[in-house]
Amino acid sequence: VATYSNNPSIKAERDRQRATDEEVAQALSGFRPNASVNYTRGRQRLANGGADWNYGDTEDRRLTVRQPLFRSGGNISSYNSAK
């Protein structure tokens, strides 16, 4: 256990393996959906045909999720290369 924990060669190989594993995870991320959230809040002033001004609060909430169906095969080749 002490040799495994303290040997510099073994530590270097473990670090190299972690870097390789990270490349695979990054390649897989190209297949995953993208999500974004947007929230805005404000105040609005409206005039209706010469009438007094009307004031109101505005609020907008959006959740956008995008899942590409095909990205020209680049994701597949990146994944295979990283693997």
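Modeller: Happy to! Let us begin with Arg62, which counts as exposed because its relative accessibility is 51%; exposed means over 50% relative accessible area, buried under 20%, and partly exposed in between (1.4 Å probe, protein chains only). Arg62 forms a salt bridge with Asp60, and their closest N and O atoms are 2.9 Å apart. That term stands for a side-chain nitrogen of Lys or Arg within 4 Å of a carboxyl oxygen of Asp or Glu. Asp60 is partly exposed, at a relative accessible area of 27%.

A word on the model: it is predicted, so local features need pLDDT of at least 70 and side-chain atom pairs count only at pLDDT 80 or more, while totals for chains, interfaces and linings use all residues. Residues are numbered from 1 along each chain as its sequence is written, and side-chain values use heavy atoms, leaving out hydrogens and water.

By the salt-bridge rule, the count comes to five. Another one joins Arg43 to Asp57, with 3.0 Å between the closest N and O atoms. Arg43 lies in strand β1 (residues 34-47) and Asp57 in strand β2 (residues 53-66), so this pair ties together parts 14 residues apart in sequence. Strands (E, at least two residues) and helices (H or I, at least four) are DSSP runs, numbered from the N terminus. Both Arg43 and Asp57 are exposed.

Now for a pair within helix α2 (residues 8-29): Arg18 and Asp15 sit three residues apart there, about one turn of the helix. The closest N and O atoms of their salt bridge are 2.5 Å apart. Asp15 is partly exposed, with a relative accessible area of 44%.
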